[in-house]
Amino acid sequence: FGQLEEASNLLEKAEILVHSELAEAGPTPDALAKLGYFCYVKSRITAMRGDLEQAIKLCRTARTQVAPENITLQIDFTITLGFEYFLLGDFENAGKMLNETVRLGDMVEAVNNPVAAYCLLARLQRYQGHPSKAQDLLQRAGRLIFDPSRKYLGVFGLVEIERAALL
């Protein structure tokens, strides 16, 4: 909630605990997952401070520490990397990460992060002068939200904002 100093202080304490566990238990999958999650949170705080290149490095490190089978965290990492690359202006890598978010989301029927990824991909298409491709991506996002078996109104606003921007 914008309290970056407090978040940084808590993160320093978490870092001590994570490294302590690694020293005691060794590089177990659980300890590495905690290190990965630590790097992920640090990446987000670093991005909020404006150091996008360092944020990307941290998030890429997070991805390597967590098993690929941990799809939940991998989806969080890829959407974050996609957004960080987007903010940096590296649209090629942003597109790769956002498409990876959608792919991973399809594997586990996730909705929130894939919808956000579709919206950012649509924005990329809009910036590159491809409004019909952007519209197609927003329609895909809409299908995820309004699948007959589930409704996710929390992400509905993301799609509507992008549709409004496209118009």
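I began at serine 43, which I found in helix α2 (residues 29-48). Helices here are DSSP runs of H or I with at least four residues, strands are runs of E with at least two, and both are numbered from the N terminus. I noted that this is a predicted model, in which local features need pLDDT of at least 70 and side-chain atom pairs count only at pLDDT 80 or more, while totals for chains, interfaces and linings use all residues. Residues are numbered from 1 along each chain as its sequence is written, and side-chain values use heavy atoms, with hydrogens and water left out.

**Confidence**

I looked up pLDDT, the predictor's confidence in each residue, from 0 to 100. The chain averages 90, and 96% of the residues score at least 70. Among the elements of the chain, the highest mean, 97, belongs to helix α5 (residues 91-108), and the lowest, 83, to helix α8 (residues 156-166).

**Serine 43 and the cysteines**

Leaving aside residues up to four places away in sequence, I listed Ala55, Leu58, Cys59, Thr80 and Glu84 as touching serine 43, where contact means heavy atoms within 4.5 Å.

The structure holds zero. For cysteine 59, the nearest cysteine sulfur is that of cysteine 39, 9.2 Å away. Cysteine 59 is buried, at 0% relative accessibility. I also checked cysteine 119: its sulfur lies 19 Å from the closest cysteine sulfur, in cysteine 59, which is too far for a bond. Cysteine 119 is buried as well, with a relative accessible area of 5%.

**Helix α4**

The 18 residues of α4 should span 26 Å, and the end C-alpha atoms are 25 Å apart, which agrees. Of these 18 residues, 13 are buried, so α4 is largely enclosed by the rest of the structure. Just after α4, I noted glycine 89 with a positive phi of about 90°.

**Aromatic pairs**

I counted rings of Phe, Tyr and Trp (its six-membered ring) as paired if their centres lie within 6.5 Å, with planes under 30 degrees apart stacked, over 60 edge-to-face and the rest tilted. By this rule I recorded six aromatic pairs. Why is the pair of phenylalanine 83 and phenylalanine 86 stacked? Their ring centres are 6.5 Å apart and their planes stand at 10°, so the pair is stacked. Both residues lie in helix α4 (residues 71-88), three residues apart, about one turn of the helix. Phenylalanine 86 also forms a stacked pair with phenylalanine 91, at 5.5 Å centre to centre and 25° between the planes.

I then looked up their accessibility. Phenylalanine 86 is buried at 9%, phenylalanine 83 is partly exposed at 39%, and phenylalanine 91 is partly exposed at 28%.

Definitions and conventions
Buried means under 20% relative accessible area, exposed over 50%, partly exposed in between (1.4 Å probe, protein chains only). The expected span of a helix is 1.5 Å times one less than its number of residues. A disulfide is a pair of cysteine sulfur atoms within 2.5 Å.
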